[in-house]
Number of protein chains: 2
Amino acid sequence: MKEKLRNYLRINTKLNDEQIDSIASYFKPKTIKKNTFLLSEGEICKELYFVHSGCIRTYYLTTQGHEKTRYVAFEGSIATSIASFISQQPSLELVDALEDSVVYVISHKDFHGLIAELPAWAEFYRMLLEMAYLYQNKKIENLVTLSAKQRFDKLMAETPIYIQRLSNRILASFLDITQETLSRLKSK
Amino acid sequence: MKEKLRNYLRINTKLNDEQIDSIASYFKPKTIKKNTFLLSEGEICKELYFVHSGCIRTYYLTTQGHEKTRYVAFEGSIATSIASFISQQPSLELVDALEDSVVYVISHKDFHGLIAELPAWAEFYRMLLEMAYLYQNKKIENLVTLSAKQRFDKLMAETPIYIQRLSNRILASFLDITQETLSRLKSK
DNA sequence: CCGAAGCATTGATATACATCAAAAAAACTA
DNA sequence: TAGTTTTTTTGATGTATATCAATGCTTCGG
């Protein structure tokens, strides 16, 4: 059952098999139904998730109540409100499930305990931060240098899974446009 | 002369005085004139800077040739194209001096050598990545949830130094609006 | 399998902000 | 210090995208 998680760790860390088994034991399975929350606005993020199946997203709410999706994690990747997980301050990001999902949860406490204990885990965290930074950087780059149409086309070319698997409503909020605009964009 | 750098390390790391001296010796002084480049588009970023005096910025160029400022580092802070420094891929970001400046330079090679050698330096790098992530995250948050006026007002309230010290042209590109819009915003 | 709720599409209109243009002010520089 | 370049301001106009509204289409719980 935890084979997918173990495999992820095997590929993305320098941990040996014994260490991987030990770390995997800190991750506890959790089932979440579609449209339910892993983190609400204002909560402090105390957990990090490995998505075993389904789909978890992280998003903001504008003052007008519009959703702005920052990140979507499909099976085999990591999800959380990284900002709040880092700062341990109340989160402006919400985390919810877009499909019925199974995740493996590690607590903030265990996560940081492992950093102090295992250099290879500290190195993994560093790599995670680097990847997260690169992702955010690209997101800003796209927002400030491309038009709505260009952002859509680029997503289509580079990671079509988002377009295939997300509803128009979510996809639009991910591209920072409205449903209506996306609908018009698609029919061109 | 390197006292400002040493002090920065004293405050932001867990290094002892001896380690700080040793690390400071890897940083070499460099003088850059206003409007000259530390990194051009397409170059791989091989250096990280501590700004001793003056002002260094990081920005993108859109396909139409417009500048979009991502970050401005005043004296006492760190500057570089973090993305390219991490990935060692050609940079889409340019780095230049907005004022005559003095920086202390550490090479990518030395920087990573120190990570392997000194756990406290690895920890500092982790902290740097965390801060950089939080900064980028807030930038996205502001871009997608606030209007031009709201972004300006927020900057004014939180970090007025940008408004005091940057020209309207740079400030506008930092807020992701045009000079003209900024000028109108200010007179309200 | 039905009905309600959410989702997608299309059209008409509104708006925040960009673009273009020109003059005034400020900042370099020879 | 004059002269050139760069920056700022102001006005007129343009445009990408949002908003509002109506209709048809899915989906899913009962």
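Mentor: A crossing is called left-handed if the near helix is turned anticlockwise from the far one by less than a right angle, and right-handed if clockwise. The model discussed here is predicted, so local features need pLDDT of at least 70 and side-chain atom pairs count only at pLDDT 80 or more, while totals for chains, interfaces and linings use all residues. Residues are numbered from 1 along each chain as its sequence is written, with chains lettered from A and ligands numbered from 1 in the order in which they are written.

Trainee: Is the crossing of α1(B) and α2(B) left-handed or right-handed?

Mentor: Helix α1 (residues 3-12) and helix α2 (residues 17-24) of chain B (helices being DSSP runs of H or I, at least four residues) pack with their axes 10 Å apart, at an angle of about 130°. These two helices, α1(B) and α2(B), are therefore oblique to each other, and their crossing is right-handed.

Trainee: Which residues of α2(A) does α1(A) meet?

Mentor: In chain A, the axes of α1 and α2 come within 10 Å and cross at roughly 130°. From α1(A), the residues A:Leu5, A:Arg6, A:Leu9 and A:Arg10 (contact requires C-beta atoms, placed from the backbone, within 7 Å) meet A:Ile20, A:Ile23 and A:Ala24.

Trainee: Which helix gives the most to the surface near DNA strand C?

Mentor: Around DNA strand C there are 16 residues (near meaning a C-beta atom, placed from the backbone, within 6 Å), the closest being A:Asn168, A:Arg169, A:Ser183, B:Ala148 and B:Thr181. At least two residues each come from α8 and α9 of chain A and from α6 and α9 of chain B. The most, five residues, come from α9(A).

Terms used
Axes fitted to C-alpha atoms, helices over the stretch in contact; angles between N-to-C directions. Contact = placed C-beta atoms within 7 Å. Parallel < 35°, antiparallel > 145°, perpendicular 65-115°, else oblique.
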